[in-house]
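Biologist: I'm new to this one, could you walk me through it?
Modeller: Gladly, let's look at it together.
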Amino acid sequence: RFDLLNKLYQARGQWTKATEVAREHDRIHILTTNYAFSRHAQLTGDLQAAIKAMEDTGTRKVEIARLLYDKFTEEDVEKHVLCSGDAKLYAWYGKVCEAEGKMDKALEYLTKAGDIQSMVRLHCQSKNTEKAVNIVREKNGPPAAAFLVAKHLEECGNDLAAIEFYSLSGRYNHALRIAQRAGMVDDI
């Protein structure tokens, strides 16, 4: 049985033979064999082989970048993300930069990813309301981004603009609540 032979080669650390057997005779276990080899290569420090094995298993690019983030310097990770040209990786790296407090770099990568909602959220957090408003208006942002701007404008006391963005987000009950509170029901 080739599945047992595959396991034997894995247990003995003969990964070339194990992947060869899986590729030629035990196709059902090819992904698990490559993944097991990837884990082995990570533990032994052979990161290039680990990355190649992860790619062979069809692992998401974000997982590969996470592996690099754990083992390499930030410059190596950034280089990998830039070389990939993948919007999901840009968004992931932008959120990593945000978590580390590097807001300018986070905005750069979120912009490359086209993640409008995250860009708007960062601008609102950094009290850059005008940029957040412009992004939602210019890029015809998703309703969730308009809702974030509306909440921020309401917190800042700009009721008229908050009503506009609540309407853009489709949250008419919030717009009506503000209008009633401010005595602008006739304006709606």
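Modeller: One term before we start: a residue counts as buried when its relative accessible area is under 20%. Please also keep in mind that this is a predicted model.
Biologist: Okay, so are Tyr-90 and Tyr-109 buried or exposed?
Modeller: Both Tyr-90 and Tyr-109 are buried, and for Tyr-109 the relative accessible area is 0%, so it falls under that 20% limit.
Biologist: How are the rings of Tyr-90 and Tyr-109 arranged?
Modeller: They form a tilted aromatic pair, with 6.0 Å from centre to centre and 50° between the planes. Tyr-90 belongs to helix 7 (residues 87-99) and Tyr-109 to helix 8 (residues 103-113), so the pair ties together parts that are 19 residues apart in sequence.
Biologist: And what kind of pair do Tyr-93 and Tyr-109 form?
Modeller: That pair is edge-to-face, at 4.9 Å centre to centre and with 85° between the planes. Tyr-93 counts as buried because its relative accessibility is 1%.
Biologist: Which residues make up the aromatic cluster?
Modeller: Tyr-90, Trp-92, Tyr-93 and Tyr-109 form one cluster, and the charged end of Lys-112 sits over the ring of Tyr-90, 5.9 Å from its centre.
Biologist: Switching topic, what's the volume of the largest pocket?
Modeller: It is about 190 Å³, and the elements that each give two or more residues to its lining are helix 2 (15-24), helix 3 (30-44) and helix 4 (47-57).
Biologist: Which helix gives the most to that lining?
Modeller: Helix 2 does, with five residues, while by class the lining of the largest pocket has five nonpolar, three polar and four charged residues.

Note on methods. Residues numbered from 1 in each chain as written. Predicted model: local features only at pLDDT ≥ 70, side-chain atom pairs only at ≥ 80, totals over all residues. Heavy atoms only, no water. 1 Å grid on protein atoms, 1.4 Å probe; cavity = no way out; pocket = protein on both sides within 12 Å on 5 of 7 lines; lining within 4 Å. Points joined across faces, edges and corners; volume = space filled by probe spheres on them. Helix = DSSP H or I, 4+ residues; strand = E, 2+ residues; numbered from the N terminus. Nonpolar A, V, L, I, M, F, W, Y, C, P; charged D, E, K, R; others polar. Phe/Tyr/Trp six-rings, centres within 6.5 Å; stacked < 30°, edge-to-face > 60°. Buried < 20%, exposed > 50% of the residue type's maximum accessible area, 1.4 Å probe, protein only. Lys NZ or Arg CZ within 6 Å of the ring centre and 35° of its normal.
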